[in-house]
Amino acid sequence: MARGPALTPPPLSDRPEIEPPPLAPGAMAHSKPYVAQPAHNEALGYPGERVDDWQAKAIQALGELVDSSRALKVYLDSCVKCGSCADKCHYFLGTGDPNNMPVARQDLVRRVYRRHFTPAGKLAPGLVGAADLTEGLLEEWYSYFHQCSQCRRCSVFCPYGIDTAEISMAAREVMDRIGLGQKYCNEILGKVHKVGNNLGLPEPALADTLEGLEEDIEEETGQAVKLPLDVAGADVLLITPSADFFAEPHVDGLIGYAKVFHQLGLSWTLSSHASEAANFAMFIGSRDQMAKVAQRIHQAARDLGVKRLVFGECGHAWRVAYSFLTKLAGPWDFLDPRWPVPQHILEVTNAAIETGGIRLDPEGNAGKVVTFHDSCNVARASRMGEGPGGQFTLPRAVIQASVPRFVDMADGTIHDRTFCCGGGGGLLTDDLMELRMKGALPRVNALNHVVETQGVTHMAAICAICKTQFAKVLPLYGLDMEMVQSVHGLVSQAIRLGAAPD
Amino acid sequence: MAYQVNGSEIEHDEEGYLTDLSQWNEELAEMIAKTEDIEMSEEHWEVVNFLREYYDEYQIAPAVRVLTKAVGKKLGPEKGNNKYLYELFPYGPAKQACKIAGLPKPTGCV
């Protein structure tokens with residue numbers, strides 16, 4: 001396969017925020033991810049290929065989803081076309097394609113909903129923007145619902161709180177039910193069911209990888225920091241994205257978690273059965289699949305007899321865990337009630353800093369000026385710690401304790417207004433590289449601004465997708481891939497191991 | 001979709017990864033490398049051979065840290081790092097080197 005034409009990123013601006021671009025209708029209509037093969041779809045219980053009566057089946061599926069989700073129905077009914085969302089999507093800002101305005105993306109489904117499920121749309125479709133699901137419209141669905149990373153930034157600005165992510169998830173579920181799945185997500189979910197993780201990393205390879213890391217840490221620090229696997233009776237089960245075992249800079253974060261547990265003297269373990277925090281079923285909008293993935297964690301926790309559940313650095317995993325875990329895979333009554341179910345690794349580390357359980361020396365990260373990228377699913381769909389906004393303050397507190405200097409990016413680009421990395425929501429695939437590059441524009445622009453004005457050298461993240469995406473796209477914008485760091489990679493460099501000197 | 005090597009057709013997927021891993025041979029590797037704008041050197045072969053050995057044992061490509069360590073042992077410690085691997089395989093050692101080695105593409109958040 002020869003590679004496509006060289007990728008040229010859109011220009012950065014002198015200001016921290018990107019101005020809305022001129023409209024470029026159809027500019028991204030060609031962007032479509034590879035379609036799943038029959039085996040990928042069938043492994044998840046979907047038809048292998050597009051079914052003959054796909055239109056009728058799609059309408060039926062949409063009807064069932066609207067009936068089962070009051071939220072989805074409200075989102076489809078309540079848009080008043082006020083335009084607040086129009087310039088809030090990173091894919092719109094990076095491409096200028098009007099179908100990437102959240103309202104236009106929603107309308108791709110809304111038209112069909114109106115046609116079949118509202119009286120006006122049934123009687124006078126032309127008057128109310130109702131339309132049949134034609135072959136052409138289905139093609140637009142496949143293209144533009146794979147140009148939404150379900151980051152929910154638009155919903156922050158919508159006066160009605162319409163959540164485009166829910167509409168995007170529904171559209172993908174409808175497409176799956178008629179046999180039009182996306183290869184990247186569906187192939188990965190099949191691997192989770194079969195092997196236990198997105199990578200397809202089998203237990204012997206995982207054990208070998210962890211042993212190698214233990215050797216590296218001991219060589220570097222002189223401390224026998226362990227990365228235990230499948231240890232029955234351990235207190236803590238750590239569920240982390242499999243990218244933490246495999247990729248850079250993710251693995252530095254894994255080493256960081258291990259050092260924190262080691263220094264706290266906690267007994268902990270990883271599981272080869274539940275060797276994945278990610279739950280791609282959320283991206284394709286399938287509750288059944290989401291439950292099936294989550295139940296592996298429940299099974300592992302029961303089998304190993306652990307008392308606490310801690311999640312590593314993974315954005316949407318934390319949303320699924322924080323918001324839906326009990327519903328998907330409860331009850332968790334066998335865990336120690338003194339701990340929240342689940343906990344985020346940042347909650348563990350932050351508490352350890354506050355109580356003096358670990359000591360961090362910023363000199364371990366000498367020379368670094370660090371900023372923080374709020375991951376969308378953590379920022380807009382979860383919390384950490386006790387009070388509101390903990391998902392913003394905890395990561396920053398841990399970074400600040402680990403590095404000599406911390407700088408935030410511009411206000412309109414952080415906290416609940418954070419921009420997606422451009423690769424979330426099941427779009428982190430090579431066949432969408434142009435979209436990923438363009439969608440990263442608002443975040444890269446804000447980063448570049450603090451690089452130039454504040455001397456920022458690194459950007460830390462708490463999501464495997466964000467880390468991989470930035471390592472890939474920053475070089476396209478002329479920035480170094482090694483700028484991207486795991487938050488616990490910074491902790492790993494700063495933590496003092498061994499007994500404290502008196 | 002297929003590569004043509006010495007008159008035989010070897011099937012690949014949309015992205016150029018082999019559909020039947022047993023059909024791999026060194027000539028094919030050279031050919032895939034060329035489509036990726038890579039001229040195979042001794043160092044490239046060291047990486048590709050290690051990937052294949054590891055895959056034989058574990059049925060998965062090695063983690064990047066496992067790979068850099070192995071490269072450091074074979075080619076010298078100054079080459080045992082991610083940066084050097086990116087010099088050899090600019091699109092990323094995991095994906096590009098796996099494609100040339102005839103292994104499946106690593107999937108997930110990588």
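This is a predicted model: local features need pLDDT of at least 70, side-chain atom pairs count only at pLDDT 80 or more; totals for chains, interfaces and linings use all residues.
Residues are numbered from 1 along each chain as its sequence is written, and chains are lettered from A in the order in which they are written.

Chain A is assigned domain 1 (38-181) and domain 2 (190-494), with bounds that come from an automatic or database domain assignment. The C-alpha centres of these two domains of chain A lie 30 Å apart. Across their boundary, 22 residues of domain 1 of chain A are in contact with 24 residues of domain 2 of chain A, contact meaning that the C-beta atoms, placed from the backbone, lie within 7 Å. On the domain 1 side, α4 (90-95), α8 (153-157) and α9 (164-177) of chain A each give two or more residues, helices being DSSP runs (H or I) of at least four residues, numbered from the N terminus.

Between the chains, 19 residues of chain B are in contact with 32 residues of chain A. Helix α3 (residues 64-75) of chain B supplies the largest share of the chain B side, four residues.

UniProt, in an unreviewed entry, lists B:Cys109 under "active site", an annotation that may be inferred rather than shown by experiment. B:Cys109 lies in the segment after α5 (93-100) of chain B, and it counts as buried because it has 31 C-beta neighbours inside 10 Å, where 20 or more are required. Leaving aside residues up to four places away in sequence, B:Cys109 touches residues of chain A including A:Asn198, A:Pro241, A:Leu428 and A:Thr468.

Terms used:
Two residues are in contact if their C-beta atoms, placed from the backbone, lie within 7 Å. A residue is buried if 20 or more other C-beta atoms lie within 10 Å of its own, exposed if 12 or fewer, and partly exposed in between; C-beta atoms are placed from the backbone.
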